[in-house]
Amino acid sequence: MTMVFRISTAAAALFLAAPMMAQPAAAKPAGASKVIAMVDTDNDGTIDLKEVLAVAGATFDKLEKDADGTLDAKELKGRLSKANLKAADPDADGTLDKKEYLAVVESLFKAADPDNDGTLDAKELKSKAGK
């Protein structure tokens with residue numbers, strides 16, 4: 001499944017929501033080193049999936065305003081196009097629950113990790129898939 005998401009290496013809180021995860025298209029992405037500093041809780045100079053998912057989970061919780069346990073297009077605030085939301089929504093209910101949202105984040109992380117070492121460094125964050 002090919003999903004083209006607007007992800008920002010500064011939105012992960014989001015993931016986009018602070019880095020790596022997605023932020024509105026109008027927002028200016030942060031630099032790779034700034035993203036790493038924001039997300040790298042073990043201070044090893046890279047971001048691993050556990051760190052990214054922690055930020056993405058917190059971002060989900062922050063975006064989820066109506067307490068129904070899902071994010072709809074309005075709550076996603078442009079982080080995904082309608083087509084991308086549909087592609088990331090396996091149950092076709094027009095929303096993403098936390099599990100679906102984190103699955104999107106994980107797939108984006110893996111796409112940005114071409115050497116499959118389980119971490120993203122500054123070079124990978126600057127790649128097309130990491131932006």
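Guide: A nonpolar core is a set of buried Ala, Val, Leu, Ile, Met, Phe, Trp, Tyr and Cys residues joined through side-chain atoms within 4.5 Å, where buried means under 20% relative accessible area, exposed over 50%, and partly exposed in between (1.4 Å probe, protein chains only). The largest such core here has 25 residues, and those with the most contacts inside it are Ile 47, Leu 71, Leu 76, Leu 96, Tyr 101 and Leu 125. Helix H1 (32-39), H2 and H5 each supply at least two residues of this core, and H2 gives the most, with six residues. Please keep in mind that this is a predicted model, in which local features need pLDDT of at least 70 and side-chain atom pairs count only at pLDDT 80 or more, while totals for chains, interfaces and linings use all residues. Residues are numbered from 1 along each chain as its sequence is written, and side-chain values use heavy atoms, with hydrogens and water left out.

Visitor: What makes a stretch of the chain a helix or a strand, and how many of each are in the protein?
Guide: Helices (H or I, at least four residues) and strands (E, at least two) are DSSP runs, numbered from the N terminus, and by that rule the protein has six helices and four strands. From the N terminus on, these elements run α-β-α-β-α-α-β-α-β-α.

Visitor: How do you know that the buried residues of H1 line one face of the helix?
Guide: The buried residues of H1 are Ala 32, Val 35, Ile 36 and Val 39. Seen down the axis of H1, they fall within an arc of 100° (the arc of the directions from the helix axis to the C-beta atoms), so they line one face. On the other side of H1, Ser 33, Lys 34 and Ala 37 are exposed. The buried residues of H1 pack against strand S1 (47-48), H2 and helix H6 (122-126), contact meaning heavy atoms within 4.5 Å.

Visitor: Why is Asp 40 called buried?
Guide: Asp 40 has a relative accessible area of 5%, and the limit for buried is under 20%, so Asp 40 is buried. Asp 40 is found in the loop between H1 and S1, and, leaving aside neighbours within four places in sequence, is in contact with Gly 45, Thr 46 and Glu 51.

Visitor: Why is the pair of Asp 61 and Lys 98 called a salt bridge?
Guide: A salt bridge is a side-chain nitrogen of Lys or Arg within 4 Å of a carboxyl oxygen of Asp or Glu. In Asp 61 and Lys 98 the closest N and O atoms are 2.9 Å apart, so the pair meets the rule. This pair links distant parts of the chain, with Asp 61 in helix H2 (residues 49-63) and Lys 98 in helix H5 (residues 98-111), 37 residues apart. At 46% relative accessibility, Asp 61 counts as partly exposed, and Lys 98, at 31%, counts as partly exposed too.
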